[in-house]
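Please look through the sequence and the fold shown below before reading on.

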Amino acid sequence: MAFISLPVLWVASILVLQHASTARSQPSGSQQVGVCRASTFTATLPQGASVELAYPVPGGGSFGEGPSNLGYPLNATNLPELCAVIIRVTSGTSSYRFGLYLPTTSNWNSRFLATGNGGFLGGIDWVDMAPGPHYGFATLSTDTGHNSASDQSWAYKDAEAQKDWGYRAMHGSVDLGKRLTAAYYGRDIAYSYYSGCSTGGRQGLKEIQISPDSFNGVLVGAPAWPTTGLMSWLTALGTWNLPASDPKAFTTTSQYGLLASTVLSQCDKVDGLADNIVSTPEACKPDLSVIQCGKRGVDAQNCLTQQQIQTAQKVWNDYYTSKGDLVYNGLELSGESQWDVYTLYGNTENFDTQWEKYWVYSDKSWGWRQYSDNVFYDSVKANPGNATADHFDISAFRRAGGKLILYQGLADGLISARSSLHYYNETAKAVGGGSVDDFFRFFQIPGMQHCLGTPAGVKAPWYIASWSQQAKLPSTAPGYSVPGFQDPEHDALLALMRWTENGTAVDSIIATAWNDVSGGNQDLTVYRQRPICPYPKKATYDGEGDPDSASSWACA
């Protein structure tokens, strides 16, 4: 179909994709097209699968499982009229669940969207599914095979549950979810998409590696793709900061704030423009002696010890074993304000050892003092859950016509921006044939933190309507896309759709920052916008226009 360039008409066009031309005859028996009840789905279910719930949600209604859904206890609100479905699939000792939002037959755009999960959380993510039906998508989320918050004890001596989290729950949910969607509407799905970040990014990459035809278009952010290396690095990072009584340990959030402000003050102007954003962290080498305790003129109450500075350097540097093998890439400059997520939350003396306790060694007594480079090698050998998404040759996805957008915040303090660059480079080498721009583009977003947001006071443009971002906007927002800019130039999902379905390559996406969308404030007035560019291009200021206007920038 032809895509109309006007924003409102473009979005409207995706809601009416020639329903009549793809219509099938109504299935026989108890199954009825578009009827939201359990019997509609049962005829399509394989052995071991069952309908837990089929519930009609009115326009403006809400849906979710509340606090019993431990990983995602909040309910989605202000939904369009739809059918909410929960399916359970059991095989041997393992089981997983997934949820579907199915818009009314008149509002379905003939497309399917699967969404990812966060961390090791277990549960169906109803909130981050919510934007999908606003676009017109039939939308899916899996619980990854368990129900839990941050605790990982569910993985203890349970290889089947580990596989569900690693790949199997997503793959099985997508496969069955697509069949149920087609049966519900009585016609084929025209295009299938995926959107996820962090663990959700890993899930998307893993799925196209094991099943190249699952999706036509994939939107992946800050992927935690090298699971074995990432989790080993997290434990190593903990050892660098423990015990808490050690003077090299960071013990207060103010110390991270001091580190972040120092990096910003020294690295902001490296790209030639003082805009409160570190846009070229790879070109900056900050001098931390200006905040080193004991140095002349340094505030003794607001400083870092020499050992703490050395620890910071280790966090920024790539981590290699003594044998020279890369474990994980270091965090990029400007992400320091998020470091406390890994080093201050919970019991620091038991920092992130669950990976070793429950996944690698199945030994609940394992402690951080036992860490060595061998943990990395043991993790790689065990590869729990077959979760690591390191099959870089995705030529089959390319041949099938698939399109992949990878995005990464450069101020991400949880997932290394260089790890995403590493994935891009390794994939480019693996598929061969020179440029991968025909199907794979990588976008770095200066100033964006992990998946969304920007450090306090920075206000870097970060919003591109990707996974979980839309849930962070106030209730006054429309619930999907980019408020005031519902078009492929600003919305990464719409840009991916236009590339996938119409062949219009994504040469830039305009990211947005608002005056304030935090706390009780709901000011959706645009603060500034800026294009983000496919690597290796960067947004370049023209030197004359308003630096807060996207029109003053170009990819070069």
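With 75° about the S-S bond, the disulfide of Cys36 and Cys83 is right-handed, where a disulfide is taken to be a pair of cysteine sulfur atoms within 2.5 Å. This is a predicted model, in which local features need pLDDT of at least 70 and side-chain atom pairs count only at pLDDT 80 or more, while totals for chains, interfaces and linings use all residues. Residues are numbered from 1 along each chain as its sequence is written, and side-chain values use heavy atoms, with hydrogens and water left out.

Cys36 lies in the loop between helix H2 (19–22) and helix H3 (39–42), whereas Cys83 belongs to strand S4 (residues 82–91), so this pair ties together parts that are 47 residues apart in sequence. Helices (H or I, at least four residues) and strands (E, at least two) are DSSP runs, numbered from the N terminus. The two sulfur atoms of Cys36 and Cys83 are 2.0 Å apart, and both residues are buried, a word that here means under 20% relative accessible area, with exposed meaning over 50% and partly exposed in between (1.4 Å probe, protein chains only).

A search of the whole structure finds five disulfides. Among them is the link of Cys533 and Cys555, whose sulfur atoms are 2.1 Å apart. The torsion about its S-S bond is about -85°, so this disulfide is left-handed. Cys533 is buried, with a relative accessible area of 4%, whereas Cys555, at 25% relative accessibility, counts as partly exposed. Another disulfide joins Cys267 to Cys284, and with -75° about the S-S bond that link is left-handed.

We now turn to the strands. An open sheet of nine strands has the order S1-S4-S5-S7-S6-S8-S9-S12-S13, with mixed pairing, where two strands pair if DSSP finds at least two bridges between them. At its edges are strand S1 (49–57) and strand S13 (440–445), each of which pairs on one side only. Within the sheet, strand S6 (residues 111–115) and strand S8 (residues 191–197) run parallel and are joined by five bridges, and in S8 the bridge partner of Phe112 is Ser192.

Helices lie across this sheet as well. Helix H15 (residues 417–431) lies across strand S12 (403–409) and S13, running at about 165° to S13. Axes are lines fitted to C-alpha atoms, for helices over the stretch in contact (heavy atoms within 4.5 Å), and angles run from 0 to 180 degrees between N-to-C directions. Helix H16 (residues 492–502) lies across S6, S8, strand S9 (217–221), S12 and S13, running at about 155° to S12.
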